[in-house]
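Me: I would like to learn how to read the features of a protein model, one at a time. Could you give me the general idea in each case, and then the example in this structure?

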Amino acid sequence: MQKEEILHIFPDFMRSKWEKVAECADRLQEIRLRVKQPVIVLMDNREWFLSKMGGLTDDLFHAVYSSEKELEAVLTHVCHYSIYAFADEIRQGFMTISGGHRIGLSGQVILEDREQIRNIKYIRYLNIRIAHEVKGVSDKALPYLYREGQVLNTLIISPPGCGKTTMLRDLVRNFSQGNVHGRGRNVGLVDERSEIAGSFLGVPQNDIGMRTDVMDACPKQEGMMMLIRSMAPEILAVDELGSIKDVEAMHRAIQCGCKMLATIHGFSLEEVSSKPYMKDVMEEKLFDRYLLLGKKNNRCIIIGIYDKERKICSSWQESCY
């Protein structure tokens with residue numbers, strides 16, 4: 001990633017203070033801007049303050065504070081000076097920008113009929129999440145996710161911060177492109193939060209393979225059925241199963257002949273099995289493979305790959321990525 005990509009997130013008058021930080025673009029994770037609060041930068045899993053002299057500091061006395069003017073300027077800039085054109089994204093509370101970076105938004109919500117969110121005004125909190133595409137993280141797992149050239153239904157289980165979206169993205173790319181274990185397949189990707197493909201104006205900013213079709217910013221249950229009807233995918237990929245409706249849609253997709261690639265938050269197979277909406281899924285052995293992620297020595301690892309009986313696949317050894 002080039003430092004210019006980070007600098008272009010900010011309007012011209014703010015870029016000088018971000019020059020030194022942008023030089024560390026490959027290590028940046030988040031930039032938090034909160035009105036009248038110090039600017040916080042997450043880098044290498046550690047919090048820093050943006051310094052008045054440029055660069056980073058752990059001394060609050062030297063920290064730069066965000067103003068309303070600067071927050072509004074950043075938001076206007078990333079909306080290409082037409083906030084109205086990005087009303088749909090703002091209503092969802094986040095937007096994806098060039099490079100696949102995602103900006104979370106928070107402020108005063110305006111309701112419609114006391115239920116539907118119509119808009120967010122007085123946006124005074126921004127969370128700039130820096131996208132890092134890491135290719136090859138799924139390579140060691142691939143041999144266990146095929147049987148006679150056919151992709152197996154796979155569930156990625158991961159605690160927060162252990163790279164499940166990165167793993168999902170790389171598997172989508174590998175399944176779509178094809179590899180030594182199987183030919184390229186048509187993949188339908190429901191990218192509900194625009195994190196996997198990182199689409200900007202409809203164009204994926206990340207490499208998700210040449211046979212992948214994306215339904216961007218669409219709820220999982222609707223997106224799966226729309227892709228099946230319109231794009232005839234061989235594999236459906238979704239991030240973060242989180243409700244009975246997600247599971248019901250997944251059931252229908254499998255009945256239509258699609259292979260499933262999905263993720264879910266969890267620390268173990270036992271914890272996932274205890275979730276009410278996942279109990280039947282686990283008992284019916286809907287997934288052929290469970291890919292369990294974790295962390296060790298501050299590095300993301302694949303702890304284990306398990307079969308439908310929840311037994312560790314033979315010959316698998318814990319692997320960093």
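Me: How many bridges join strand E10 to strand E14?
Reply: Strands of a sheet pair through backbone hydrogen bonds, either parallel or antiparallel. Strands and helices here are DSSP runs numbered from the N terminus, with at least two residues (E) for a strand and at least four (H or I) for a helix, and two strands pair if DSSP finds at least two bridges between them. In this predicted model, local features need pLDDT of at least 70 and side-chain atom pairs count only at pLDDT 80 or more, while totals for chains, interfaces and linings use all residues. Residues are numbered from 1 along each chain as its sequence is written, and side-chain values use heavy atoms, with hydrogens and water left out. Strand E10 (residues 154-158) and strand E14 (residues 259-265) run parallel and are joined by 5 bridges; isoleucine 156, for instance, has threonine 263 in E14 as its bridge partner.

Me: In what order do the strands of the open sheet of 8 strands lie?
Reply: The order is E12-E11-E13-E14-E10-E15-E16-E17, and the pairing is mixed. At the edges are strand E12 (212-216) and strand E17 (319-320), each of which pairs on one side only. Helix H5 (residues 164-177) packs on this sheet, touching E10, E11, E12, E13, E14, E15 and E16, where contact means heavy atoms within 4.5 Å. The direction of H5 makes about 170° with that of E14, an angle taken between N-to-C directions on a scale from 0 to 180 degrees, with axes fitted as lines to C-alpha atoms, for helices over the stretch in contact.

Me: Which residue in the turn between E2 and E3 has a positive phi?
Reply: That residue is aspartate 44, with a phi of about 55°, in a hairpin that has 2 residues between E2 and E3. These strands run antiparallel and are joined by 4 bridges, with isoleucine 40 standing opposite phenylalanine 49 in E3. E3 also forms a hairpin with E4, with 5 residues between them, and glycine 54 in that turn has a positive phi of about 90°.

Me: How should I read an aromatic pair, and how many are there?
Reply: A pair of aromatic rings is described by the distance of the centres and the angle of the planes. Rings of Phe, Tyr and Trp (its six-membered ring) pair if their centres lie within 6.5 Å, and planes under 30 degrees apart count as stacked, over 60 as edge-to-face and the rest as tilted. The count by this rule is 4. One of them is the edge-to-face pair of tyrosine 144 and tryptophan 316, at 5.4 Å centre to centre with 90° between the planes, and it links parts of the chain 172 residues apart.

Me: Are tyrosine 144 and tryptophan 316 buried or exposed?
Reply: Buried means under 20% relative accessible area, exposed over 50%, and partly exposed in between (1.4 Å probe, protein chains only). Tyrosine 144, at 16%, counts as buried, and tryptophan 316, at 12%, is buried as well.

Me: Which residues touch the most other members of the largest nonpolar core?
Reply: A nonpolar core is a set of buried Ala, Val, Leu, Ile, Met, Phe, Trp, Tyr and Cys residues joined through side-chain atoms within 4.5 Å. Here the largest has 34 residues, of which Phe10, Trp18 and Leu33 touch the most other members. Apart from this core lies another, of 31 residues, including Val190 and Leu269.
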